[in-house]
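Thanks for coming, everyone. Please look at the screen, and we will walk through one structure together.

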Amino acid sequence: MQMLKLMAQTGQVMAEAQTVITLRMMGMAGLWPVSKHENSRMVTEKTAAVMASSRAAGRARAAGKMPAEVALAALKPVRARTKRNVTRLTK
């Protein structure tokens, strides 16, 4: 069951990430309204997401979780970021 959840969450992150990329590219082209700080934001947020993901995976592994649960824990902060970005960019 954990593998199915992992696949579903991974698919959701992929879809949201593609939406964010598309909206940001449209913003760079002047076709979609985005903040003037969006370009720097897209670079700096990656570091925070990777660090949060690493910490979550480390905590799950230290707690003796199964590999799929560790992967889900690592994916959770990334999913939170992509979801927030889609919500913010589509307002």
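At what angle do helix H2 and helix H3 pack, and how far apart are their axes? Helix H2 covers residues 38-62, and helix H3 covers residues 67-89. They pack at an angle of about 155 degrees, with axes 7 Å apart. Axes here are lines fitted to C-alpha atoms, for helices over the stretch in contact, and angles run from 0 to 180 degrees between N-to-C directions.

H2 and H3 are therefore roughly antiparallel. That term applies to angles over 145 degrees, while under 35 counts as roughly parallel, 65 to 115 as roughly perpendicular and the rest as oblique. The crossing of H2 and H3 is right-handed. Right-handed means that the near helix is turned clockwise from the far one by less than a right angle, and left-handed means anticlockwise.

A word on the source. This is a predicted model, where local features need pLDDT of at least 70, side-chain atom pairs count only at pLDDT 80 or more, and totals for chains, interfaces and linings use all residues. Residues are numbered from 1 along each chain as its sequence is written, and side-chain values use heavy atoms, with hydrogens and water left out.

Which residues meet between H2 and H3? On the H2 side, they include Glu38, Ala49, Ala56 and Arg61. On the H3 side, Val70, Pro77, Arg81 and Leu89 are among them. Contact means heavy atoms within 4.5 Å. By class, this contact has 12 nonpolar, two polar and seven charged residues. Ala, Val, Leu, Ile, Met, Phe, Trp, Tyr, Cys and Pro count as nonpolar, Asp, Glu, Lys and Arg as charged, and the others, Gly among them, as polar.

Next, H1 with H3. They pack at an angle of about 30 degrees, with axes 9 Å apart. That makes H1 roughly parallel to H3. Their crossing is left-handed. The contact has 13 nonpolar, seven polar and seven charged residues.

Now the whole chain. It has three helices and zero strands. Helices are DSSP runs (H or I, at least four residues), strands too (E, at least two), numbered from the N terminus. The C-alpha trace spans about 50 × 25 × 15 Å along its principal axes. Of the 91 residues, 26% are buried. Buried means under 20% relative accessible area, exposed over 50%, partly exposed in between (1.4 Å probe, protein chains only).

One last residue. Gln18 sits in H1, residues 2-28. At 46% relative accessibility, Gln18 counts as partly exposed. Gln18 and Met66 are 48 residues apart in sequence and 29 Å apart in space, C-alpha to C-alpha.
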